[in-house]
Amino acid sequence: MPSTILIVEDEPAIAELLAINLEFAGHRAVRAIDAEQALAMIQHELPDLILLDWMLPGMPGVRLAEKLRAEERTREIPIIMLTARGDEADKVRGLETGADDYITKPFSPKELIARIKAVMRRRAPQLTDDAISLGGLRLDPATHRLWALQNAEEIALDLGPTEFRLLHFFMTHPERVHSRSHLLDQVWGDHVYVEERTVDVHIRRLRKALEPTGHDALIDTVRGSGYRFSAR
Ligand code: CA
């Protein structure tokens with residue numbers, strides 16, 4: 001699934017250039033022209049990363065970053081600030097307010113994509129193609145394959161696309177309880193229009209797919225709270 005990147009930029013030419021480069025790199029680009037519009041879009045759908053212009057009409061970019069960091073639901077969205085300033089003091093302030101990285105305009109498309117990749121690897125490993133092994137499972141996002149260890153042998157298991165994303169998210173965020181609403185945000189990208197019981201349906205399918213090798217036991221139901229992937 002391509003990552004959704006929200007561009008918050010009031011200058012149409014720059015927003016367009018960013019969107020073209022993001023889409024060329026396989027991402028999905030959505031745009032807002034100011035902080036208010038960005039907040040409305042985030043309310044509907046959580047982006048996987050935000051490219052945030054410092055100089056915006058109305059609420060400044062840094063203020064929006066602070067606001068997103070202060071709220072539980074948006075706290076973990078990776079943010080890269082865009083600015084025309086090369087000022088060290090601004091850079092420090094941007095990072096202090098919660099931005100993960102910083103790009104100075106004019107930027108090279110290559111640098112932009114490389115920075116996005118680095119921030120995602122650090123902040124949102126479920127969005128990268130890095131293979132991951134945990135609890136006797138080995139999941140490879142690049143080839144969309146899953147293997148389970150049984151009697152020292154690796155057995156290939158079949159998963160549907162949603163179950164695969166769900167398991168990928170669990171394996172990159174283990175030992176934590178995730179509420180249904182959080183899983184909808186993180187795995188479906190939508191907590192408004194998808195019903196919470198949808199999560200239960202896919203958890204059931206995921207467990208069933210892991211059953212042949214006994215790995216369904218890795219997924220705990222935490223009564224009243226949600227689900228947890230536990231390899232302990
Ligand atoms: Ca601007």
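These legends describe close-up views of a predicted model.

**View 1**
At the interface, 7 residues of domain 1 touch 11 residues of domain 2. How is the size of such a meeting place expressed? It is often given as the accessible area lost when the parts come together. Here the buried area is about 880 Å². Carbon and sulfur atoms give 47% of that area. Three residues of domain 1 stand out: His44, Leu46 and Gln126 supply 56% of the area that domain 1 buries against domain 2.

**View 2. Glutamine 126 sits in a loop.**
The loop runs between helix H5 (109-123) and strand E6 (132-134). Is glutamine 126 buried or exposed? Its relative accessibility is 13%, so glutamine 126 counts as buried. Which residues does glutamine 126 contact, leaving aside neighbours within four places in sequence? They are His168, Phe169, Thr172, His173 and Gln186.

**View 3. A calcium ion is held by four residues: Asp10, Glu11, Asp53 and Met55.**
Asp10 and Asp53 coordinate through OD, Glu11 through OE, and Met55 through O. The distances run from 2.1 to 3.0 Å. Along the sequence, the donor residues follow the spacing D-E-x41-D-x1-M. Aspartate 10 and aspartate 53 link distant parts of the chain, 43 residues apart. Aspartate 10 lies in the loop between strand E1 (4-8) and helix H1 (12-24). Aspartate 53 belongs to strand E3 (residues 49-53). Their surroundings can be compared by accessibility. Aspartate 10 is partly exposed, at 28% relative accessible area. Aspartate 53 is buried, at 1%.

**View 4. Helix H7 (residues 180-188) has buried residues.**
These are Leu183, Leu184, Asp185, Val187 and Trp188. What do the buried residues of H7 pack against? Their partners are helix H6 (161-172), helix H8 (197-210) and strand E11 (226-229). Aspartate 185 also forms a salt bridge with arginine 73. The closest N and O atoms of that pair are 2.8 Å apart. Just after H7 comes glycine 189, with a positive phi of about 75 degrees.

**View 5. Methionine 41 lies in helix H2 (residues 35-44).**
Methionine 41 is partly exposed, with a relative accessible area of 26%. Setting aside neighbours within four places in sequence, methionine 41 contacts Leu6, Val30, Arg31 and Ala32. Take arginine 31 from that list. How far apart in space are methionine 41 and arginine 31, C-alpha to C-alpha? The distance is 9.0 Å, and the two are 10 residues apart in sequence.

**View 6. A salt bridge joins arginine 69 and aspartate 100.**
The model has 16 salt bridges by the rule used. Side chains of opposite charge can pair when their charged atoms come close. In this pair, N and O are 3.0 Å apart. Arginine 69 lies in helix H3 (residues 61-70). Aspartate 100 lies in the loop between helix H4 (88-96) and strand E5 (101-104). The pair therefore ties together parts that are 31 residues apart in sequence. Arginine 69 is buried, at 16% relative accessible area. Aspartate 100 is buried too, at 14%.

**View 7. Glutamate 111 and arginine 115 pair in helix H5.**
Their closest N and O atoms are 2.8 Å apart. Why are they separated by about one helical turn? They are 4 residues apart in the helix. An α-helix has 3.6 residues a turn, so residues three or four places apart point the same way. Glutamate 111 is partly exposed, at 28% relative accessibility. Arginine 115 is also partly exposed, at 26%.

**View 8. Aspartate 220 meets arginine 228 in a salt bridge.**
The N to O distance is 3.3 Å. Aspartate 220 is partly exposed, with a relative accessible area of 22%. Arginine 228 is partly exposed as well, at 27%. Elsewhere, salt bridges that share partners join Glu9, Glu11, Asp53 and Lys105 into one network.

Notes:
Residues are numbered from 1 along each chain as its sequence is written. This is a predicted model: local features need pLDDT of at least 70, side-chain atom pairs count only at pLDDT 80 or more; totals for chains, interfaces and linings use all residues. Side-chain values use heavy atoms; hydrogens and water are left out. Helices (H or I, at least four residues) and strands (E, at least two) are DSSP runs, numbered from the N terminus. Buried means under 20% relative accessible area, exposed over 50%, partly exposed in between (1.4 Å probe, protein chains only). Contact means heavy atoms within 4.5 Å. Donors are N, O and S atoms within 2.8 Å of the metal (3.2 Å for Na, K and Ca); water is not among the atoms, so sites may look incomplete. Buried area is the accessible area (1.4 Å probe) that two parts lose on being put together, summed over both. A salt bridge is a side-chain nitrogen of Lys or Arg within 4 Å of a carboxyl oxygen of Asp or Glu.
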